[in-house]
Every structure is written in C-alpha cells, then in structure tokens.
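This report is meant for someone looking at this structure for the first time. Please keep the sequence and the 3D view open while reading.

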Amino acid sequence: MPVQAPQWTEFLLCPICTQTFEETVRRPISLGCGHTVCKMCLNKLHRKACPFDQTPLTTDIEQLPVNTALLQLVGGQVPKIQGVGLSSTAQSMLSRPMQRKLVTLVHCQLVEEEGRVRAMRAARSLGERTVTELILQHQNPQQLSSNLWAAVRARGCQFLGPAMQEEALKLVLLALEDGSALSRKVLVLFVVQRLEPRFPQASKTSIGHVVQLLYRASCFKVTKRDEDSSLMQLKEEFRTYEALRREHDSQIVQIAMEGGLRIAPDQWSSLLYGDQSHKSHMQSIIDKLQTPASFAQSVQELTIALQRTGDPANLNRLRPHLELLANIDPSPDAPPPTWEQLEKGLVAVKTVVHGLVDFIQNHSKKGADPQQPPQHSKYKTYMCRDMKQKGGCPRGASCTFAHSQEELEK
C-alpha cells in the first residue's frame with residue numbers, strides 16, 4: 001500500500017521547534033517516556049522533565065542516547081547497528097497500524113527503566129499486530145463475509161445490509177429514546193410498519209433478529225410481567241444513535257472474534273457501512289475488545305490457518321518468537337525487564353516483523369496488486385441486487401456487481 005506522507009515525515013521533526021532532526025545540533029534524543037526531542041531544545045528546558053508529560057529525566061542530558069533509527073532516516077551518519085531496520089520498500093508494504101506501532105518502538109529509549117518497560121509493551125503490541133496481519137493474509141475476503149453472517153445468524157441475530165440496518169436501528173431509537181417500555185412484539189411491529197415503504201422485504205422475523213442483536217449487546221433493561229410478555233426499555237446510555245450503533249457494532253465484532261474470524265478495520269467498514277470512512281471507528285472497537293489472552297489465542301488461530309495451507313513460507317518458525325512476545329505482561333505496572341529479557345523481546349519482534357515482510361513480498365497473493373479488481377466474467381456488468389433492493393451492499397468495494405450506472409457503463 002502507498003505510504004501516506006504524514007505518517008513517515010511528522011516524526012522526523014522535533015515536536016518543540018518543528019525543525020528536522022540532524023546529526024550535529026539537532027540530534028534526536030529519546031526520553032524514557034517515549035517522546036523524542038532535539039538536543040538543542042532539550043538543553044533549553046527549565047526543569048529536568050519531559051515537556052509533554054512531565055516524566056522526570058533520571059539521567060544526565062549528556063548521557064541520554066541519540067535515537068539512531070531516526071538519525072538514519074534523516075540521512076545522518078551512525079555506526080552500523082542491529083535493530084528493527086526495514087527498507088523503504090518494506091515500510092510501504094506494511095499497513096498503517098504496523099507503521100504506527102513501529103514508530104512507537106523506534107521512540108522507546110532503553111537507558112531509563114521507564115523506557116525499557118515501554119519497549120517491551122511496544123514489542124508485544126507489534127507482535128500481536130503481526131499475527132493479525134498474517135491471519136488476514138490467509139483469509140479469503142468473499143468467504144470471510146459469508147462466514148461472518150453465518151456466525152451472526154447462528155446466534156439468532158441478523159444484519160440486513162448497511163442502509164436497512166441503519167434505518168431499523170433509528171426506528172428502534174425513535175420508539176424507545178424517550179424511556180418508553182414496549183414488549184418485543186410491539187417494538188418489532190412498529191419498526192416493520194415504518195420500514196416497509198422503503199424496504200418491502202422487511203419482515204417481523206428479520207427485524208426480530210436485529211432486536212435480538214441489541215438484546216445480546218445488553219442494550220435493554222427488561223422488566224418481567226406475570227402471564228404477559230416482558231417489557232423492554234433502552235438503557236439510558238444507549239439513547240443516542242452513536243452510542244446504540246457502537247454497541248451494536250461491538251456485538252458483531254465480538255461474535256466474529258468468538259468464531260475465530262479476524263477482519264481488518266477497512267473490511268469491517270465495508271461490511272457494516274458500505275464505505276471506507278468508518279475504519280477508525282471499527283479499529284477503536286477492535287482495540288477495546290482485545291484482552292491480554294487475545295494474543296495467545298491469535299497465535300493458535302494462525303497455526304490452524306497454516307495447517308490448512310501447508311505453510312509454504314515456513315511461518316511456523318515464528319511461533320516460539322510470537323509465544324515469547326505473547327507472554328510479556330502488557331499492564332502499565334509490570335516490573336521492568338532484565339537486559340536479557342529485553343534483548344530476547346527485541347530479537348523476537350525483529351524476527352516476526354521481517355517474517356511478515358518476507359511473506360508479503362514472496363508468498364502473498366494479496367501483495368501482487370491490491371488495486372486490480374477480481375477477474376470475473378460478469379465483473380461489474382450487472383447491477384447489485386442488494387444495492388437495488390436494500391439501498392446498500394454488505395460487500396462494499398469488493399462486490400463483483402455494479403453499485404451505480406457509472407460503474408455499469410465502465
């Protein structure tokens with residue numbers, strides 16, 4: 001994927017004077033908290049603390065290390081070092097989350113205790129993201145969406161396509177945002193009657209499945225009644241569309257994770273919204289649902305995926321390194337690592353990141369040409385039925401049918 005300029009240029013500037021780092025006066029000096037400042041600005045500080053988060057500097061400024069990784073990127077002369085070095089070709093192949101996590105690791109300073117703790121956490125985070133990227137590389141996007149909706153249906157829930165689902169959720173909100181308590185039957189009937197003019201395919205069964213999705217997400221306060229159906233009331237915190245939609249999306253992501261599916265934020269955006277503009281919203285939901293155990297679980301899932309493919313790239317060799325990274329304690333109050341633990345962690349992260357780059361360069365079908373549309377005899381020659389009937393398509397940009405007259409004519 002093309003590197004977007006701000007990602008790789010902003011961190012080459014001193015955040016105080018905004019001048020580019022260089023090897024004489026404005027050498028990049030890393031602080032234990034993860035910030036990097038040029039030496040000139042550091043010498044002008046009134047108190048010995050990071051100007052951004054006030055973390056005290058426990059080491060004399062003259063003893064603080066130069067960030068050689070950054071110095072190399074701005075063309076400075078530095079002694080040849082071993083690090084998580086990647087060529088610009090490799091950098092451009094990595095996804096934005098991988099680039100951001102690499103930048104975080106590059107900013108970690110190992111002289112101070114705080115910096116070593118942060119470096120271990122950054123290494124773990126980078127390892128976890130590497131596993132996710134490798135799992136995504138082994139998935140078929142078309143098969144992925146059918147597996148996802150099958151998992152959702154298996155729980156008695158349903159997704160009706162981006163446009164129809166949005167309308168259904170807004171109508172649930174319209175019925176319940178004032179604190180009203182309705183039985184499930186009355187709520188479903190209310191939504192179906194108002195949806196039918198725009199979406200004739202709306203049925204009590206399908207809308208009942210959408211309500212079940214919200215029920216699973218614990219959005220309702222349920223009051224049981226003797227010999228009568230229970231009453232459902234929207235919890236106060238979910239009485240806006242944004243809050244209700246976020247909880248709804250989180251529930252679908254959780255179902256996917258429980259089913260062993262790993263879906264990238266841009267794929268989620270296409271599936272749930274039919275566009276690419278909800279990537280960061282989906283990424284924040286994915287991040288929130290991660291637990292310390294998620295990493296080890298992902299390593300297991302990758303192993304299963306490799307067994308299916310026969311592992312031609314011998315990615316199984318990365319497993320001990322990934323397990324070592326998964327065992328790092330990610331909590332902020334974890335004890336500082338020994339120098340031996342730190343070295344093992346950094347060697348492991350370097351090995352797995354290079355393993356990912358090697359796989360993308362030499363073995364990935366997806367690395368060939370991401371812009372090339374799938375070859376299909378009827379590719380974009382017929383209008384998409386979902387788009388015509390429901391006003392939205394769950395496959396988004398990966399759909400092989402046309403979504404507009406313009407696409408049809410192309």
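## Strands and the helix across them

Strand S4 and strand S5 (residues 228-234) run antiparallel and are joined by five bridges. The model is a predicted one.

S4 and S5 belong to an open sheet of three strands, in the order S3-S5-S4, and the pairing in this sheet is antiparallel. Strand S3 (181-183) and strand S4 (220-225) form the edges, since each pairs on one side only. Leaving direction aside, neighbouring strands in this sheet are turned against each other by 30° on average. Helix H8 (residues 162-176) lies across S3, S4 and S5, and its direction makes an angle of about 100° with S5.

## The protein as a whole

The protein has 18 helices and five strands. Of its 410 residues, 44% count as buried. The accessible surface comes to about 21300 Å², and carbon and sulfur atoms account for 51% of that surface. Among contacts with a separation of 6 or more, 63% are between residues 24 or more positions apart.

| Helix | Residues | Number of residues | First to last C-alpha | Expected at 1.5 Å a residue |
|---|---|---|---|---|
| H7 | 141-154 | 14 residues | 20 Å | 20 Å |

In H7, the buried residues are Leu144, Ser145, Leu148, Trp149, Ala151 and Val152. These residues are on the same side of H7, because the arc they cover around the axis is only 155°. An α-helix has 3.6 residues a turn, so residues three or four places apart point the same way. Arg153 and Ala154 lie on the other side of H7 and are exposed. The cover over the buried residues of H7 includes helix H11 (241-258) and helix H12 (265-273). Just after H7 comes Gly156, with a positive phi of about 75°.

In H14, the buried residues are Ser294, Phe295, Ser298, Val299, Glu301, Leu302, Thr303, Ala305 and Leu306. Helix H6 (113-137), helix H13 (279-289) and helix H15 (319-326) are among the elements that cover them. Gly310 follows H14 and also has a positive phi, near 85°.

Is Arg129 buried or exposed? Arg129, which lies in helix H6, has a relative accessibility of 11% and therefore counts as buried, the limit being under 20%. Leaving out residues up to four places away in sequence, Arg129 touches Ser95, Pro97, Met98, Lys101, Leu136 and Gln283.

Glu343 is found in helix H16 (residues 339-362). With a relative accessible area of 54%, Glu343 is exposed, because the limit for that class is over 50%. How many residues apart in sequence are Glu343 and Met120? The two are 223 residues apart in sequence, while their C-alpha atoms are 9.6 Å apart in space.

Key:
Residues numbered from 1 in each chain as written. Predicted model: local features only at pLDDT ≥ 70, side-chain atom pairs only at ≥ 80, totals over all residues. Heavy atoms only, no water. Helix = DSSP H or I, 4+ residues; strand = E, 2+ residues; numbered from the N terminus. Buried < 20%, exposed > 50% of the residue type's maximum accessible area, 1.4 Å probe, protein only. Contact = heavy atoms within 4.5 Å. Areas by Shrake-Rupley, 256 points an atom, 1.4 Å probe, with all protein chains shown as cover. Expected span 1.5 Å × (residues − 1). Arc of directions from axis to C-beta. Pairing = 2+ DSSP bridges. Axes fitted to C-alpha atoms, helices over the stretch in contact; angles between N-to-C directions.
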